[in-house]
Amino acid sequence: MDQQVLRAQKWVNQKYGNVAGYQRCPEDGRSGWATMYSLTMGLQHELGISPVVASFGPGTYSRLDALGEIGFGWEKDRDLLACIQFGMWCKGYWAVEPESEGWFTGVTRDAVKNLRSNMGLSEGDGTLNAKIVKAILNMDAYVVVAGGSEEIRGIQQWLNGNYWNKSAYNIGPTDGIYSRDVQKSLMIALQYELGIAEPNGNYGPGTQAALRSRTLDQGATGTLMRIFSAACVFNSPTYDDQLNEVRTSWRSEFDAKLAEWLRAFQKFNKLPATGKGDFQTWSQLLVSMGDPDRPATGSDTRYEITPSRAKWLKDNGYEIVGRYIYDPPGSTLDKEIKPGELETIFSAGLRVFPIYQDNARQLRDFTYQQGYQHGLNAHELASGYGFNRGTTIYFAVDYDATQEAIDSQPEGVVVYFHGVQAALAGKGKKYNHGVYGSRNVCINVTNKTFARYSFVSGMSWGFSGNLGFPIPRNWSFNQIKEFKVQNGSDSFDLDRDVVSGLDRGVSSVNDKAEPADGFIAYVQKLYDLAGTYGASGQRRSQLVMEYIRHHEYGDKDTLNKIGWWYLIGGYDEGFVNHCNSKGMSVRKSFKDPFTGYDLGAEHMMATANAHLLTDQPSGLKGANGGDVGGWAGDLMTFWSDWRNSEEQYADPLAFCHARLAVPGVSSSFGFEDLIEDADGYLIARAVRGGKNIVDAVKDHYQKDGGLRRFNNFFSQRWGNATDCRDSAHNALTASDTVLGPARKQLISLKGAVLPAVYQNAPGGFDKLQRFEQGYVDALLARMGMEKSKAAQYRANHETFLKAARSRAARSAKD
C-alpha cells in the first residue's frame, strides 16, 4: 500500500462520489486503471461533462485543450489540477506537497519537468497540456520496468520527442518494452515521414505504395533510416540457420552490421536475403502478415481437396495443405477431412498437416478439462486417419486472446494446452501438440507447454497478440492471406501460408515404421559387428557406444585441452576399423518418437558410455566422471555461457529459465541436450542392469521409456531437488582429479571464471546457488510438475542457501 495513492483514492471518491456516472475506485493504496478512471471522471466533471465516463475521449481532450497550457501559478480550477496532480502521484511523481493539492507550485513544476524528460520531451517551463495530461491518466510507465531495455526506451523517447506535437500522435510509454502501442507509434511516425495525409497507424494501401519506392541500403542515413533501424530492434532477436540468436542495435546509419542482421532476419522469415530494406522486408518488420502477396508454398482450408483442387494447388506452386481432423457437432462448415481425401492429396504430390479446432473462439472454450478431452479426441481421430507417430497436430486458438486470457485460470489458453499435453502423453505421446494462434499466443504456449511448432495467424494483423511481438522462433507456417480460388466452375476459399520448413507435414499415412526404427536397426548392426569382433557380455554394448561417439567425443589429450579420452575413457580403434571395413559410419542423429526433435546420437552415446564406465548409484549427492560425460559437462559449459552473457542476464536464474533446456532455443545446454543426458543415463543404467544395448534402446524408444524420461532420470539419479542441487554444486566446485580438469577445459578455456573462484566474490555465492537452482528448475519443468510443486521447491531454496552458507563458513573456519 502506498499512502499517497490511498490519499488520492479517498480524495477522488469523496469529491465525486455523487456525480452522475462516476465509478468509485478501491481505496487500497494501489495504483491501477480503476484509480486512473476515477481521476479521469473527476477531471471530466470539472470540465463540465455529464454524465462522466471511464474514458479520456475526444470530448475530454478538446475541452481540456481549450484551457491552454497549465503551468506555475495556474489557478483557474484547483480541483481539476488536483486530479492531474494525483494522477502524477499514482505514477510515482511527487507533484504536490501534503495538504496543498490544487496549487501549481515549484514542486509541481519540478515533477512535470521530470515527467516530460522521462517521456522524451523537452522540459520546457514544466508546463502541462491536454496531450500530456492524457498520458498521465493512463497506466503507461515512463521509466524502465522489469523486462524492459534502455535501448528500446531510447527509441520510445525519440519517437515521443519528435512526434508528440503531431495531431495523430499520442505520447507513448517509455518503459523499455516493445508493445502494441509502441508499434502503433512507430507506424504513425513512419506515415508522417512518408507524407501520408492522415496517419492512422494502419498498414494500408497508401503506406504500402509509399514504401515500395523507399528501399534502404548500406550508407543510408536520416529519419527514415532511424525508423527502419528501430523496427529491426523491435524484431530482434532473429535467428540464423542453426536457430542461434542474432541481435541488432538502434543506429542512425545503415552499415554492414545491419545488413548482416537483415540477411538473417530475411532468411528466418523466408524472404530473399538481400540485406536491404526493401518492400517485403519493411512489411515483415511492420505487420504480422508481411507482404500478403509474396510467394508461399503452404496453404490451409476448410474445404475438401478434390482431385481437381489438388491439381490446382500443385500447378500453382503449393506443396502442403492444412486440413481439419474434426468438425464439432452443430457446425455448418463441413470442414473435416473426407474419406479418401488424404490419398487424393498424396497422389497429387502434396503433403498435409492436421488441424484440430473445437470452437476455440472465446475464453470459455479453454479449460484444462476441455483441453484434455480435445487431446484424447484428436489422438483418436488422427489415429483413425492413420497419421504416423511423431506427427504434429495444431490445436487452434482462433481469437485475439490477451495476455490475461492466456495466463488466466481455470479458464485460460495455457491451462487448456496443459490438458492437451496430458491427454497426448496418456496415449503414449504418439502425436506432438502444435499451436495455431497469434504470435503472442504461440510464444506463450510454446514457452509454457513446449508446443513443438507454431502455426501463426499472421493475416489477423490487427490482433493485439500480433502487434508488438516478434514471430515465434518455432514458427512452421505463417498464414498471410485468405482468398477465393476460381478453378473453372469450382471455387473455394484458401489461406496462403508461408512455410519455414521446420514441419514438413506428412506425405503418407499408416506407415508401419516408427521414427526411431532406423536408429535401432543401426544399433543392432553395430551390436552384431561387436559379436563378430569377438566381444561378449556388457563389452559388446560398450563397443557400440564407443563407435557412435568416437569421432566427436573421442579426442586424446592435446596442448591446453583435456580430451574426451581422459574424461570418459578411450575407444577401441580396432573395433572402429572393423566397423568401417563393413561399410559402417557414424550416425549423427535420429528423430525422437516422443517429442519429434532430432537427437544427437553421438552426444547421447557419449553420455551413456560415461555412465556405463562410472556408476552413479541412486541418491549420489555429488558428481563424478560419469556425470561429466553428460549433464555435469553440459552444466559446466552453460556456466561459461552465463558468465559471458552476464551483462544481458545479471541474474543467473533468469538466464537458466530463458536458455537452459528451453525447446527451440539454441544454447550450449539446449532441450535436446537435456533429452540426450537423460536418455544416455537411463540406457546406461539398463545396460548395467543386464540388458544389451539393443534391447535397452528398443525399450526406451519403442515402448514408454522416453515418455517419462525426465521423471525417471530425476528419480533414479537423485530422487529429490535438494540432492540434485547439491550434485550441481559439487560438479561446479569440487576439486578432484576428474572434475577439476573438466572444468578447466569446459569453463576457464572459454574465458570464464571458475565457479569455485566466483563464489568467493561479493554476491558470488548467492549467484552460484541461483545458477544451480536454474538446473533444478529446468528438470522440474520438464518433468511436468505442477507450478505449485516447483514453487514449493523454490520456497525451500532459501533454507538450502542458509544451510549451504553455514557449511561454507564452517569449512572456511576449519
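Two strands count as paired if DSSP finds at least two bridges between them, and the strands themselves are DSSP runs (E, at least two residues), just as helices are runs of H or I with at least four residues, all numbered from the N terminus. The model looked at here is a predicted one, so local features need pLDDT of at least 70 and side-chain atom pairs count only at pLDDT 80 or more, while totals for chains, interfaces and linings use all residues. Residues are numbered from 1 along each chain as its sequence is written, and side-chain values use heavy atoms, with hydrogens and water left out.

On those terms, strand 5 (residues 351-356) and strand 6 (residues 392-396) run parallel and are joined by two bridges. Ile-355 has Tyr-394, in strand 6, as its bridge partner.

In general, strands of a sheet pair through backbone hydrogen bonds, either parallel or antiparallel.

Turning to charged side chains, the structure holds 31 salt bridges, each being a side-chain nitrogen of Lys or Arg within 4 Å of a carboxyl oxygen of Asp or Glu. One of them pairs Lys-276 with Asp-217 at 3.8 Å, N to O. Lys-276 sits in the loop between helix 11 (256-268) and helix 12 (279-286), and Asp-217 in the loop between helix 9 (205-211) and helix 10 (223-234), so this pair ties together parts that are 59 residues apart in sequence. Lys-276 is partly exposed at 35% relative accessible area, and Asp-217 is partly exposed too, at 32%; buried means under 20%, exposed over 50%, and partly exposed in between, using a 1.4 Å probe and protein chains only.

Another salt bridge links Asp-493 and Lys-484 at 3.0 Å, N to O, and Lys-484 counts as exposed, at 51%. Lys-591 and Asp-598 also meet, at 3.4 Å, N to O. Here Lys-591 is partly exposed at 34%, and Asp-598 is partly exposed at 46%.
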